[in-house]
Amino acid sequence: MNNQRIEQFDSLRGIAAFIVIFHHCLISFPIFLDAYYHEKTTNFFINFLSSTVFHVFWSGHESVILFFVLSGFVLSLPFLNGNHQPYKQYIIKRFTRIYLPYLTSILFSVILYTLIKPISIIGLSEWFNGMWSNPISFKLIISHLLMIGSETHNWNTVTWSLVHEMRISIIFPIIIMLVLNFNWRKVIIFSVLITFLFAITFFNISRVIPIGSLGFLFRNFGETIHYSLFFIFGAMLAKYRLTLLKVYNKDKNSLFKIIILVLALILYTIEWTFDGIGYLKYSGSDFQQFFMTMVLNVSISIGTSILFVFVFA
């Protein structure tokens, strides 16, 4: 382990990436998609995998939150160690790392779409058949080139997270200044309040704007503001990593550590261990869905942060 690379997190990243793949494979089938939307099934095995902590094995969305926290952790290390690059070099590096692979994946998807001319496949879920369901248009091309976030599911469903990652990367040097100059209490309280306030404000603006595309843009940027909170959590973990490591190693009580680890897993899979809460995320009013998603994501990020300490230790 050195200042710039933590091998334990490489392992964690690999496991999370595999879980995302496994998650997408499962929800390609209607019965797993129903379980994902908290629809009741009569299949005991699927209910067991869905409505318990064992959902961790196909926790796709949770893994994305983990990636956001991890990005905040890794991006903050050069700033914390005093060897960060000038902004121009930093943003070129982030652009190369995120936008170019993103663009390549979109281009590859468009080429395959043109060659295969896909049709719906009977027996697979509406989520699966929703991909490549809309024809190529100038509007979609511009939307993807500018990373507006519109219809990412149509061409490459996983790129929605890269849209937010690129936007947050642009402003991350401002975020890290907040982390560097204030203690953890002030940063957490301020960042939670501000991100919730702005995300909800943007969401409400999107509901009253009559122009659909503009309304979507406000809502999508509101989501970016919300996801920036998890980059802040990652940066806070990086700042206090040695302190947290000392606290972890100081307590020799294995039972206490096991209890904390179980708590982390419950927080990480809270949407599934408390199924009624998760149900509102998809079946409540529009505002309930948006607000509940934010609350659940914060819980996931707290569970992730605890898991990071265990991994780091």
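Salt bridges and nonpolar cores in a predicted model

A search of the whole structure, which is a predicted model, finds 4 salt bridges.

Biologist: Is Asp10 buried, partly exposed or exposed?
Modeller: Buried means under 20% relative accessible area and exposed means over 50%. Asp10 has a relative accessible area of 26%, so the residue falls in between. Asp10 is partly exposed.

Biologist: How many residues apart in sequence are the parts that Glu165 and Arg94 tie together?
Modeller: Glu165 forms a salt bridge with Arg94, with the closest N and O atoms 3.4 Å apart. Glu165 lies in helix H9 (residues 160-181) and Arg94 in helix H5 (residues 87-116), so the pair ties together parts of the chain that are 71 residues apart.

Biologist: Are Glu165 and Arg94 buried or exposed?
Modeller: The two residues form a salt bridge. Glu165 and Arg94 are both buried.

Biologist: What is the relative accessible area of Glu271?
Modeller: The side chains of Glu271 and Lys281 meet in a salt bridge, 3.0 Å from N to O. This pair links distant parts of the chain, with Lys281 in helix H15 (residues 275-283) and Glu271 in helix H14 (residues 270-273), 10 residues apart. Lys281 counts as buried at 8% relative accessibility. Glu271 is buried too, with a relative accessible area of 3%.

Biologist: How many residues does the largest nonpolar core have?
Modeller: Those with the most contacts inside this core include Phe9, Phe68, Phe172 and Phe308. Among the helices that each supply at least two residues of the core are H1, H5, H9 and helix H16 (286-312). The largest nonpolar core has 61 residues.

Biologist: How many residues does the second, separate core have?
Modeller: Ile27, Ile46, Trp58 and Trp272 are included in this second core. The number of its residues is 11.

Notes
Residues numbered from 1 in each chain as written. Predicted model: local features only at pLDDT ≥ 70, side-chain atom pairs only at ≥ 80, totals over all residues. Heavy atoms only, no water. Buried < 20%, exposed > 50% of the residue type's maximum accessible area, 1.4 Å probe, protein only. Helix = DSSP H or I, 4+ residues; strand = E, 2+ residues; numbered from the N terminus. Core = buried A, V, L, I, M, F, W, Y, C linked by side-chain atoms within 4.5 Å.
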